[in-house]
Amino acid sequence: MIEIVPLQAFKDNYIWTLRNATHAAVVDPGEARPVLEYLAREKLQLAAILATHHHPDHVGGIPQLLEETRARGTQRRVPVYGPRGEPIATLTHPIAEGDTVAIPELGVTLSVLDIPGHTRAHVAYYGLESLFCGDTLFACGCGRLFEGTPEQMMRSLAKLAALPDATKVYCGHEYTLANIQFAQAVEPKNAALAARLARE
């Protein structure tokens, strides 16, 4: 059975950890320390690293994670998946839409979706009725446009909206309250926003 565990990094980043009893894969490890501490505490081996885009707060921890796992010398080289066309020096498996990421230690296969907008070649991973979408989609908001265009972001969000309704969304930051406050400034009478705020 796969469990999805959030690890907090920096002020508001999430590092999503997919794990079973012996192994774990991490999504967007901007910082190595929370991952290393979790792996040691839970006695897990790192099976794979998945990056959604190249920003340092999502990939900055990868070199140290690779160094630490190599130093232990007890496991094979950890594969690093991430978007083809973005500058991530540690990638071993550049991927794009249509590719799949198989993590045999977890018995998991994830589909790759291209969702540019926040960055030029941002990707998401979909599987287990779960979406790991980095900085494209958040609770009550979407990511800022750093390299992409509004048209790209709209197409990316439409692609994510077309996923099954049962899909659980795992985003890269905890921005919910700030997003609700912004949305209420635009739509002050929106009852759905008020109800969502009441749940926080």
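These legends walk through several close-up views of a predicted model.

**View 1. The largest nonpolar core has 23 residues.**
Start with the members that touch the most other members: Val 26, Val 35, Leu 46, Ile 49 and Leu 65. At least two core residues come from each of β1 (3-9), β3 (23-27), α1 (33-42), β4 (45-50) and α3 (62-72). The largest share, 4 residues, belongs to α1. Now pick out Ile 49: leaving aside residues up to four places away in sequence, Ile 49 touches Val 26, Pro 29, Ile 62, Leu 65, Leu 66, Val 78, Pro 79, Val 80 and Tyr 81. There is also a second, separate core of 19 residues, with Ala 25, Val 27, Leu 106 and Val 123 among them.

Look along α1 for Pro 34, Val 35, Leu 36, Tyr 38 and Leu 39, which are buried. A helix has 3.6 residues a turn, so residues three or four places apart point the same way. Just after the helix α1 comes Lys 43, with a positive phi of about 60°.

**View 2. Five strands make an open sheet with mixed pairing.**
Follow the strands in the order β7-β8-β9-β10-β13. The edges are β7 (100-103) and β13 (168-171), each of which pairs on one side only. On average, and ignoring direction, neighbouring strands of this sheet are turned by 25° against each other. Helix α4 (residues 150-161) lies across β8 and β10 (130-134), and runs at about 145° to β8.

**View 3. β7 and β8 form a hairpin.**
These two strands pair in the antiparallel sense over 4 bridges. Find Ile 103, which stands opposite Val 108 in β8. The hairpin has 4 residues between the strands, and Gly 107 takes a positive phi near 65°.

**View 4. Strand β9 is covered on both faces.**
In a regular strand the side chains alternate between the two faces of the sheet. On one side of β9 you will find Val 123, Tyr 125 and Gly 127, and on the other Ala 124 and Tyr 126, all of them buried. Because 5 of the 5 residues of β9 are buried, this strand is largely enclosed by the rest of the structure. Strand β8 (residues 108-114) pairs with β9 (residues 123-127) in the antiparallel sense over 4 bridges. Here Val 112 has Tyr 125 as its bridge partner, while Asp 114 stands opposite Val 123.

Gly 127 stands opposite Ser 130 in β10.

**View 5. Helices α5 and α6 cross at roughly 155°.**
Two packed helices are described by the angle between their axes and the distance between the axes. The axes of α5 (residues 176-186) and α6 (residues 191-198) come within 10 Å. Are these helices roughly parallel or antiparallel to each other? With a crossing of roughly 155°, α5 and α6 are therefore roughly antiparallel. Their crossing is left-handed. From α5, the contact uses Thr 176, Leu 177, Ile 180, Ala 183 and Gln 184. From α6 come Leu 193, Ala 194, Arg 196 and Leu 197.

Methods: Residues are numbered from 1 along each chain as its sequence is written. This is a predicted model: local features need pLDDT of at least 70, side-chain atom pairs count only at pLDDT 80 or more; totals for chains, interfaces and linings use all residues. Side-chain values use heavy atoms; hydrogens and water are left out. A nonpolar core is a set of buried Ala, Val, Leu, Ile, Met, Phe, Trp, Tyr and Cys residues joined through side-chain atoms within 4.5 Å. Buried means under 20% relative accessible area, exposed over 50%, partly exposed in between (1.4 Å probe, protein chains only). Contact means heavy atoms within 4.5 Å. Two strands pair if DSSP finds at least two bridges between them. Axes are lines fitted to C-alpha atoms, for helices over the stretch in contact, and angles run from 0 to 180 degrees between N-to-C directions. Angles under 35 degrees count as roughly parallel, over 145 as roughly antiparallel, 65 to 115 as roughly perpendicular and the rest as oblique. A crossing is left-handed if the near helix is turned anticlockwise from the far one by less than a right angle, and right-handed if clockwise.
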